[in-house]
Amino acid sequence: MCKLNEAAVNKITEICDRYTNENTPLMMILSDIQNEYGYIPLEVQEIVSEKTGISVAEIYGVVTFYSFFSLTPKGKYVIGCCLGTACYVKGAQQVIDKFAEILEIKPGGTTKDGLFTLDALRCIGACGIAPAVSINGKVYPKMTPAMVQDVIDQYKKEEEGQA
Ligand code: FES
């Protein structure tokens with residue numbers, strides 16, 4: 001989506017038009033674009049601004065505030081490590097640190113092969129099984145640093161199986 005083609009511009013325009021009757025359409029528009037493309041780069045924000053009259057600064061502020069939105073493409077597998085209080089007190093920081101160490105990326109980053117993105121999340125509503133990690137919506141309970149390599153290997157194997 002770096003150089004927006006006409007189809008992409010039309011799609012974004014259509015998404016903006018879906019919510020013309022809403023008082024505060026921005027979150028819905030951005031959610032739909034995120035779901036459609038997986039990220040919301042600046043040039044897309046400019047189109048949304050043009051269509052809605054909302055300033056790019058405001059749109060940029062929303063995109064960067066909510067971790068659900070992304071400015072860059074995410075990896076095929078998005079690893080969300082919960083750093084909410086319940087998870088944190090049970091060692092979530094060490095878990096995310098281990099993912100970062102093995103994948104050689106910082107939270108918010110994506111591996112060079114485009115396979116993994118590592119995100120730090122707030123509470124994902126699974127405090128009873130803290131520390132919790134979610135990968136593409138699948139929740140891994142009671143994670144420890146020692147389990148991290150195995151989890152990554154499962155996805156790598158799955159990937160090799162598809163190759
Ligand atoms: S604090 Fe991690 S799931 Fe609630």
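**Helices, sheet and local geometry of a predicted chain**

Asp-32 lies in helix α2, where helices (H or I, at least four residues) and strands (E, at least two) are DSSP runs numbered from the N terminus. The model is predicted, so that local features need pLDDT of at least 70 and side-chain atom pairs count only at pLDDT 80 or more, while totals for chains, interfaces and linings use all residues. Residues are numbered from 1 along each chain as its sequence is written, and side-chain values use heavy atoms, with hydrogens and water left out.

Asp-32 is buried, with a relative accessible area of 17%; buried means under 20% relative accessible area, exposed over 50%, and partly exposed in between, for a 1.4 Å probe and protein chains only. When residues up to four places away in sequence are not counted, Asp-32 touches Ile-15, Arg-18 and Tyr-19, a contact being defined by heavy atoms within 4.5 Å.

Helix α2 (residues 26-37) and helix α3 (residues 42-52) meet at an angle of about 145°, and their axes are 12 Å apart. Axes are lines fitted to C-alpha atoms, for helices over the stretch in contact, and angles run from 0 to 180 degrees between N-to-C directions. The crossing of α2 and α3 is right-handed; a crossing is left-handed if the near helix is turned anticlockwise from the far one by less than a right angle, and right-handed if clockwise. Helix α2 contributes Leu-26, Ile-29 and Ile-33 to this contact, and helix α3 contributes Val-44, Val-48 and Thr-52. Five of the residues in the contact of α2 with α3 are nonpolar, one is polar and none is charged, where Ala, Val, Leu, Ile, Met, Phe, Trp, Tyr, Cys and Pro count as nonpolar, Asp, Glu, Lys and Arg as charged, and the others, Gly among them, as polar.

In the protein chain as a whole, the secondary structure comprises seven helices and four strands, arranged along the sequence as α-α-α-α-β-α-α-β-β-β-α. The C-alpha atoms fill a box of roughly 50 × 40 × 20 Å along the principal axes. Of the 163 residues in the protein chain, 39% are buried. Among contacts with a separation of 6 or more, 60% are between residues 24 or more positions apart. The accessible surface of the protein chain is about 9300 Å², with 52% belonging to carbon and sulfur atoms; such areas come from the Shrake-Rupley method with a 1.4 Å probe, and for residues only the protein chains shown count as cover.

The four strands form an open sheet with the order β2-β1-β3-β4 and mixed pairing, two strands being paired if DSSP finds at least two bridges between them. Strands β2 (116-121) and β4 (138-140) stand at the edges with a single partner strand each, so one side of each has no neighbour in the sheet. On average, neighbouring strands of this sheet are turned by 20° against each other, direction ignored.

Strand β1 is largely enclosed by the rest of the structure, because five of its six residues are buried. Strands β1 and β2 run parallel and are joined by six bridges, whereas β1 and β3 run antiparallel and are joined by three bridges. Gly-80 has Asp-119 as its bridge partner in β2 and Ser-134 as its bridge partner in β3. Strand β3 (residues 133-135) is in turn joined to β4 by three bridges, in an antiparallel arrangement, and Ser-134 has Val-139 as its bridge partner in β4.

Two helices are placed against these strands. Helix α7 (residues 145-162) packs on the sheet and touches β1, β2, β3 and β4, and its direction makes about 145° with that of β4. Helix α6 (residues 92-103) lies across β1 (77-82), β2 and β3, and runs at about 160° to β2.

Most residues other than glycine have a negative phi, and most peptide bonds are trans. Glu-104, in the loop between α6 and β2, has a positive phi of about 55° although it is not a glycine, and this residue is exposed, with a relative accessible area of 71%. Asn-136, in the loop between β3 and β4, has a positive phi of about 45° and is partly exposed, with a relative accessible area of 47%. The peptide bond from Ala-130 to Pro-131 is cis, with omega near -5°, and Pro-131 is placed in the loop between β2 and β3.
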